[in-house]
Amino acid sequence: MSAEAVAAFRHRFAPARADDALTLLLLHGTGGDENDLLELGRALDGRAALLSPRGQVDEQGANRWFRRLAEGVFDTDGLIARTDQLAAFVEGAAAHYRLDPSRLVAVGFSNGANIAAALLFRHPHVLRAAVLFAAMAPLDDPPRGDLSGVGVFLSAGRTDPIAPPEQAELLAEQLVDRGAAVELRWHPGGHGIERRGLAQATAWLGKLRTATSTDPLP
């Protein structure tokens, strides 16, 4: 079953460059693919293993992780099904590539950040942490799983017209309410990954990398 789950996603994998390295699960934004965030992954952590799948939804030729009904309006049933499918891929890939689940961190941008957030809520045991750029709250009423021991870094733009500030604040509130250690950092820009947010995320990951499973999260 795990082999089938892994084969279901076109993906790239780059082994870690150190024994104690993290694995970054790279989740691209709308229109991206399995190559899109590899450079970002290396910028965030040059030693990490990189696991980068491609979203399977086609929106007028653009790859996405789940369908939307309009800008900012998600197909909730489709989101849930796609999230569960991604969870199966991640667990299968961890077994196939012999990855330590306690060192697995999602890195997502926009649509990829949204499905990473849904993955945290629906499958809280799968990820150790997440770095989310330009994320929204993907579920109005997420499952009340236990996210204690999970760290989340959110980078959000004060002038983002696609993922507005109130969405980042709602997502942070939902995560904290379920026990996650959340760091929400703002930048003055719009819908993108800005240099300030990248530097802050890199520093945050550096602290996470040296933490043990019982240490307080950054």
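This briefing covers the helices, cores and selected residues of the structure above. The model is predicted: local features need pLDDT of at least 70, side-chain atom pairs count only at pLDDT 80 or more, and totals for chains, interfaces and linings use all residues. Residues are numbered from 1 along each chain as its sequence is written, and side-chain values use heavy atoms, with hydrogens and water left out. Helices (H or I, at least four residues) and strands (E, at least two) are DSSP runs, numbered from the N terminus.

**Nonpolar cores**

- The largest nonpolar core has 41 residues, and L25, L86, L132 and L171 touch the most other members. Such a core is a set of buried Ala, Val, Leu, Ile, Met, Phe, Trp, Tyr and Cys residues joined through side-chain atoms within 4.5 Å.
- At least two residues of this core come from each of β2 (23–27), α3 (76–96), β8 (104–109), α4, β9, β10 and α5.
- The most comes from α4, which gives 8 residues to this core.
- A second, separate core holds 22 residues, including A14, L22, L50 and A129.
- Buried means under 20% relative accessible area, exposed over 50%, and partly exposed in between (1.4 Å probe, protein chains only).
- Contact means heavy atoms within 4.5 Å.
- Not counting residues up to four places away in sequence, L25 touches L51, P53, V90, L104, V105, A106, V107, L119 and L127.

- The 21 residues of α3 should span 30 Å at 1.5 Å a residue, and its end C-alpha atoms are 30 Å apart, which agrees. The expected span is 1.5 Å times one less than the number of residues.
- Buried residues of α3 are G78, L79, T83, L86, A87, F89, V90, G92, A93 and A94.
- Their cover includes α1 (2–7), β1 (11–14), β2, β3 (49–53), β8 and α4.
- α3 and α4 pack at an angle of about 80 degrees, with their axes 9 Å apart. That makes α3 roughly perpendicular to α4.
- Axes are lines fitted to C-alpha atoms, for helices over the stretch in contact, and angles run from 0 to 180 degrees between N-to-C directions. Angles under 35 degrees count as roughly parallel, over 145 as roughly antiparallel, 65 to 115 as roughly perpendicular and the rest as oblique.
- On the α3 side, L79, I80, R82, T83, D84, L86 and A87 meet I115, A118, L119 and R122 in α4.
- The residues of this contact divide into 7 nonpolar, 1 polar and 3 charged. Ala, Val, Leu, Ile, Met, Phe, Trp, Tyr, Cys and Pro count as nonpolar, Asp, Glu, Lys and Arg as charged, and the others, Gly among them, as polar.

- α5 (residues 165–177) has 13 residues and reaches 18 Å from first C-alpha to last, close to the expected 18 Å.
- P165, Q167, A168, L171, A172, Q174 and L175 are the buried residues of α5. They pack against α4 (111–122), β9 (129–133), β10 (151–157) and β11 (181–187).
- G179 follows α5 and has a positive phi, near 100 degrees.
- α6 has 16 residues and reaches 23 Å from first C-alpha to last, close to the expected 22 Å.
- In α6, the buried residues are G197, Q200, A201, W204, L205, G206 and L208. They pack against β2, α2 (38–44), β8, β9, β10 and β11.

- Most residues other than glycine have a negative phi.
- Q60 has a positive phi, near 50 degrees. Q60 lies in the loop between β4 (57–59) and β5 (62–64) and is exposed, at 83% relative accessible area.
- R98 sits in the loop between α3 and β8 and is exposed, at 78% relative accessible area.

- V107 is in strand β8 and is buried, with a relative accessible area of 0%.
- Not counting residues up to four places away in sequence, V107 touches L24, L25, L26, L27, L37, L40, L44, V131 and F133.
- A211 is in the segment after α6 (195–210) and counts as buried at 10% relative accessibility.
- Leaving aside neighbours within four places in sequence, A211 is in contact with R103 and R128.
- V107 and A211 are 104 residues apart along the chain, and their C-alpha atoms are separated by 18 Å.
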